[in-house]
Amino acid sequence: MDKIAKLIIEKGLKPSDCDYHTMRLLDNNGKVRALVIKGDSIAHIEYVCPKCRHSEYRTQPWKSVSKAAKIRFSVKCTKCGFDIKVEKLKAKK
Ligand SMILES: [Zn+2]
């Protein structure tokens with residue numbers, strides 16, 4: 001789980017260079033981190049699967065979702081097929 005951290009250092013990314021960046025803890029000590037660089041249509045995703053503990057870094061197309069959608073994105077564990085869903089954070093008022 002350090003690919004995204006390395007990417008940020010390599011590219012010298014600041015928070016303002018990112019369209020999206022999140023790190024979430026999941027059930028069963030799973031976790032997921034995602035980063036989308038501004039102007040990019042690719043999401044860099046790292047996860048530890050809460051089901052089988054498989055840990056992986058991968059990229060996938062970053063799609064926009066409707067405002068009503070509760071899930072911002074999901075990533076499928078390549079080992080067990082578990083769908084890791086990341087909910088949107090509630091917008092600050
Ligand atoms: Zn898995």
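Apart from neighbours within four places in sequence, Ile84 contacts Leu26, Val32, Tyr47, Cys49, Ser74, Val75 and Cys77, a contact being a pair of residues whose C-beta atoms, placed from the backbone, lie within 7 Å. The model is predicted, with local features requiring pLDDT of at least 70 and side-chain atom pairs counted only at pLDDT 80 or more, while totals for chains, interfaces and linings use all residues. Residue numbers start from 1 along each chain as its sequence is written.

Ile84 belongs to the largest nonpolar core, whose 12 residues also include Val32, Tyr47, Cys49, Val75 and Cys77. Such a core is a set of buried Ala, Val, Leu, Ile, Met, Phe, Trp, Tyr and Cys residues joined through C-beta atoms within 7 Å; buried denotes 20 or more other C-beta atoms within 10 Å of the residue's own. At least two core residues come from each of E2, E3 and strand E5 (71–76), and E3 contributes the most, with four.

An open antiparallel sheet is built from four strands in the order E1-E2-E3-E4. Strands (E, at least two residues) and helices (H or I, at least four) are DSSP runs numbered from the N terminus, and two strands pair if DSSP finds at least two bridges between them. Strand E1 (18–25) and strand E4 (55–61) are the edges, each pairing on one side only. From one strand to the next, the twist averages 15°. Antiparallel strands E2 (residues 31–37) and E3 (residues 42–48) are joined by six bridges, and Leu35 is opposite His44 in E3.

Helix H1 (residues 3–11) lies across E2, E3 and E4 and runs at about 140° to E3. Axes are lines fitted to C-alpha atoms, for helices over the stretch in contact, with angles from 0 to 180 degrees between N-to-C directions.

How values were computed. Contact = placed C-beta atoms within 7 Å.
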